[in-house]
Amino acid sequence: MQKKNRGGIFIVSAPSGAGKTTLCGKLLAKDETVRPSVSYTTRLPRPGEIDGRDYSFVTERVFRAMVKRGEFVEWAEVHGNLYGTSKKRLQGLMRSGFDVILDIDVQGARQIRESLDGCVFIFILPPSMKTLRERIEKRKSNTRADIERRLRRAATEIREYKLYDYVIVNDTLKLALKSLEAVFAAERLGTQRMDARWIKENFLS
Ligand code: ADP
Ligand code: 5GP
């Protein structure tokens with residue numbers, strides 16, 4: 001059957017450790033019409049991370065050259081590393097009709113808000129700062145200084161929640177996933193997402 005609505009861009013931001021990667025991973029595993037935009041980063045891979053799947057891991061020199069050539073829709077420095085969303089990758093996914101998830105920080109979200117219309121902005125919160133600390137510590141791949149830096153930054157990032165369309169508190173993973181799915185379901189029914197050509201061909205010609 002012909003597709004009735006167009007793909008959309010879903011921006012998901014959260015303080016580090018809130019569970020954004022876990023939540024988005026679960027959604028992506030369940031819904032094959034959603035694809036992640038794999039970012040470029042200068043950060044080193046964590047244990048288990050795969051180049052090209054989790055991130056494209058590049059040197060700072062390569063990253064800066066890409067910035068110079070205007071290859072990013074947005075890019076930012078986060079926790080001392082550079083991260084960016086490739087224009088080419090995003091356009092490719094959009095052309096194929098997928099809903100695309102951009103797992104990016106608040107600075108990147110700000111840039112997208114200014115340059116792209118019609119995106120859906122979702123902010124993930126932990127249930128408390130105490131839980132956030134526990135989740136970051138559980139991940140074990142961060143040094144003590146890095147953990148403290150991430151927590152300080154969390155407070156600044158959370159101040160931006162009002163700029164987002166939806167806020168999901170990731171307390172119980174199951175419930176948070178349900179909420180995320182509900183946002184996708186509702187947004188897909190938006191009038192602006194309908195394929196006007198499909199309506200015309202089926203009902204108006
Ligand atoms: P982020 O991508 O936001 O930095 P992660 O998805 O890596 O966060 O999650 C941080 C840690 O918290 C991981 O160990 C993950 O398994 C755990 N976690 C995520 N969501 C929940 C939840 N709802 N309940 C308990 N632990 C969670
Ligand atoms: P991590 O190093 O924990 O994977 O990610 C750290 C932060 O960088 C997270 O807040 C994540 O959303 C953000 N991030 C990942 N990719 C991008 C990107 O392409 N652009 C921006 N602006 N932030 C990103």
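Residues are numbered from 1 along each chain as its sequence is written, and chains are lettered from A and ligands numbered from 1 in the order in which they are written. In this predicted model local features need pLDDT of at least 70, side-chain atom pairs count only at pLDDT 80 or more, and totals for chains, interfaces and linings use all residues, while side-chain values use heavy atoms, with hydrogens and water left out.

Biologist: Is strand 1 enclosed or open, and how many of its residues are buried?
Modeller: Buried means under 20% relative accessible area, exposed over 50% and partly exposed in between, with a 1.4 Å probe and protein chains only. Strands (E, at least two residues) and helices (H or I, at least four) are DSSP runs, numbered from the N terminus. Ile 9, Ile 11 and Ser 13 lie on one side of strand 1, with Phe 10 and Val 12 on the other, and all are buried. Strand 1 is therefore largely enclosed by the rest of the structure, the number of its buried residues being five of the five.

Biologist: Which residue of strand 8 is the bridge partner of Val 12?
Modeller: Strands pair if DSSP finds at least two bridges between them. Strand 1 and strand 8 run parallel and are joined by four bridges. In strand 8, the partner of Val 12 is Ile 122.

Biologist: Which side chain makes a polar contact of 2.6 Å with Asp 99?
Modeller: Asp 99 belongs to strand 7 (residues 99–103) and counts as buried because its relative accessibility is 3%. A polar contact is a pair of N or O atoms within 3.5 Å; within protein, one must be able to donate a hydrogen and the other to accept it, and residues adjacent in sequence count only if both atoms are side-chain atoms. One such contact, of 2.9 Å, joins the side chains of Asp 99 and Arg 193. The contact of 2.6 Å is with the side chain of Arg 188.
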